[in-house]
Amino acid sequence: MNAKDAAREEIEQRRKPLVDLSHRIHAHPELGFEEEKACGWLCEMLDGAGFKVERGICDLPTAFSASVGAGPLHVTICAEYDCLPAIGHACGHNVIAAMAAGAGIALAKVANDAGLTITVIGTPAEEICNAGGKILLLERGAFAGTHFAMMTHPAPVDMAAPPFIAVCQFEVKYTGKEAHASAFPELGINAADALVVAQTAIGLLRQHIRPTNRIHGIVTHGGDAPNIIPAHTSASYMVRARTVGELHDIRSRVQKCFEAGAIATGANLKIEGGDKPYAELVSDIDLAALYQRNGETLGRHFIVPGAEMSRAAASTDMGNVSLVFPTIHPVIGINSLPAVNHQPEFTASCITQAADQALFDGAVAMAWTAIDAASDTKLRARLMSAQPPQ
Ligand SMILES: [Zn+2]
Ligand SMILES: [Zn+2]
């Protein structure tokens with residue numbers, strides 16, 4: 001039996017435990033950096049499949065690294081497993097986690113014959129959009145020795161090299177002064193008005209930004225009672241741009257809007273975070289082509305990201321990985337439409353038969369892509385000689 005058939009058979013045999021893992025993670029949603037159960041279940045499964053597992057790597061209690069094989073080409077597969085607040089696994093990271101485990105286990109079976117070393121890295125907290133798990137793991141050396149990295153993400157449709165743009169998230173805090181809202185309003189400093197001024201300024205700014213920029217946020221605290229002038233308000237905002245370079249520009253313009261709120265009302269402004277943005281994702285075109293061909297062999301249909309799909313760009317800390325190592329981050333359809341990521345209806349779609357099939361197909365396509373890369377002399381040489389930028 002050749003390596004690709006052997007890898008597929010391995011995943012086929014483990015279909016039930018992999019689907020169980022996906023559904024169990026889905027049933028126990030955990031927020032970023034709190035993914036103790038998901039991390040533990042993945043480590044157990046990989047340990048049972050012969051991986052050397054290290055838990056809590058890089059001072060991140062819910063990160064892990066699991067390695068097997070001693071071949072020359074070193075592939076790293078990323079497993080995400082954090083959920084979203086309030087709506088659970090509305091981004092399908094339960095499927096990502098099980099897919100990564102499935103691909104890793106399939107490759108473990110053939111690693112030495114195929115010339116591969118496999119590492120599955122458990123990467124916490126992708127949804128927080130600043131200082132995500134992969135950024136901290138990259139900084140702290142978890143990806144050292146990798147020749148290429150990959151993961152596959154659930155979505156409404158299949159794309160081998162979808163667009164992902166840069167993002168940063170920051171927290172805004174205004175401090176004013178309380179006063180009786182009817183009897184002594186002239187003694188108050190209204191921190192809620194500061195937010196209104198800032199949001200108005202951001203609304204006006206939208207005319208003057210690039211069509212590729214995004215600005216979105218929520219008020220996390222708007223006051224305590226209508227008869228108390230709000231002295232403490234806060235908001236959480238994200239800005240996005242095509243690249244980290246452009247992000248810097250839009251971020252400073254948005255922050256000026258928050259300064260406007262402080263100037264107009266006399267409230268004090270504090271902005272925290274936004275210091276470790278997610279970079280744009282650069283897909284390795286050769287690896288993406290291999291993934292697509294393998295996906296098509298499994299009967300999947302890929303769409304090409306055209307003009308209207310470029311509007312449908314999200315962000316990921318896999319982008320930061322992609323600027324250091326050759327990387328792919330395909331998305332895989334789970335037949336969710338009209339539901340899309342970050343909707344409760346998408347949460348429900350992440351444990352359907354279509355999602356379970358995507359788990360299987362994504363795991364096989366990633367395993368086959370690694371085997372193809374290792375057996376293609378030219379591609380293997382390029383991946384192995386790619387030096388991380390200094
Ligand atoms: Zn996601
Ligand atoms: Zn998401």
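## Exercises on a zinc site, a strand and ring pairs

F325 has a relative accessibility of 9% and counts as buried. The model is predicted.

**Exercise 1.** Identify the protein donors of the zinc ion (ligand 2), and classify the geometry of the site.

*Solution.* 
- Step 1. A tetrahedral site would need all angles between 85 and 135 degrees. The angles among the four donor atoms here are 51 to 148 degrees, and the site is irregular.
- Step 2. C91 also coordinates the zinc ion (ligand 1), which is 3.1 Å from the zinc ion (ligand 2).
- Step 3. C91 belongs to the loop between β3 (73–79) and α4 (93–114), and H342 to the loop between β12 (331–333) and α11 (344–349), so the two tie together parts 251 residues apart in sequence.
- Step 4. Buried means under 20% relative accessible area. C91, at 8%, is therefore buried. H342, at 40%, counts as partly exposed.

**Exercise 2.** Determine how β3 is covered and which strands pair with β3.

*Solution.* 
- Step 1. In a regular strand, side chains alternate between the two faces of the sheet.
- Step 2. One side of β3 carries L73, V75, I77 and A79, and the other H74, T76 and C78; all are buried.
- Step 3. β4 (residues 116–122) runs parallel to β3 and is joined to it by seven bridges. In this pairing, C78 is opposite I121.
- Step 4. β5 (residues 148–150) is also parallel to β3, over three bridges, with I77 opposite M150.
- Step 5. Together with α4, β3 and β4 form a right-handed β-α-β unit.

**Exercise 3.** Count the aromatic pairs, then classify the pair F64 and Y81 and the pair F143 and F325.

*Solution.* 
- Step 1. The count is five aromatic pairs.
- Step 2. For F64 and Y81 the ring centres are 6.3 Å apart and the planes at 15 degrees, so this pair is stacked.
- Step 3. F64 is in strand β2 (residues 64–68) and Y81 in the loop between β3 and α4, so the pair ties together parts 17 residues apart in sequence. F64 is buried at 0% relative accessibility, and Y81 is buried at 0%.
- Step 4. F143 and F325 are stacked, at 6.3 Å centre to centre and 25 degrees between the planes.
- Step 5. F143 lies in the loop between α5 (133–139) and β5, and F325 in the loop between α10 (318–322) and β11 (327–328); the two are 182 residues apart. F143 is buried, with a relative accessible area of 2%.

Technical notes. Residues numbered from 1 in each chain as written. Chains lettered and ligands numbered in written order. Predicted model: local features only at pLDDT ≥ 70, side-chain atom pairs only at ≥ 80, totals over all residues. Heavy atoms only, no water. Donors = N, O, S within 2.8 Å, 3.2 Å for Na, K, Ca; no water. Tetrahedral: all angles 85-135°; square planar, octahedral: opposite > 155°, others 65-115°. Helix = DSSP H or I, 4+ residues; strand = E, 2+ residues; numbered from the N terminus. Buried < 20%, exposed > 50% of the residue type's maximum accessible area, 1.4 Å probe, protein only. Pairing = 2+ DSSP bridges. Right-handed = clockwise from strand over helix to strand, strands pointing away. Phe/Tyr/Trp six-rings, centres within 6.5 Å; stacked < 30°, edge-to-face > 60°.
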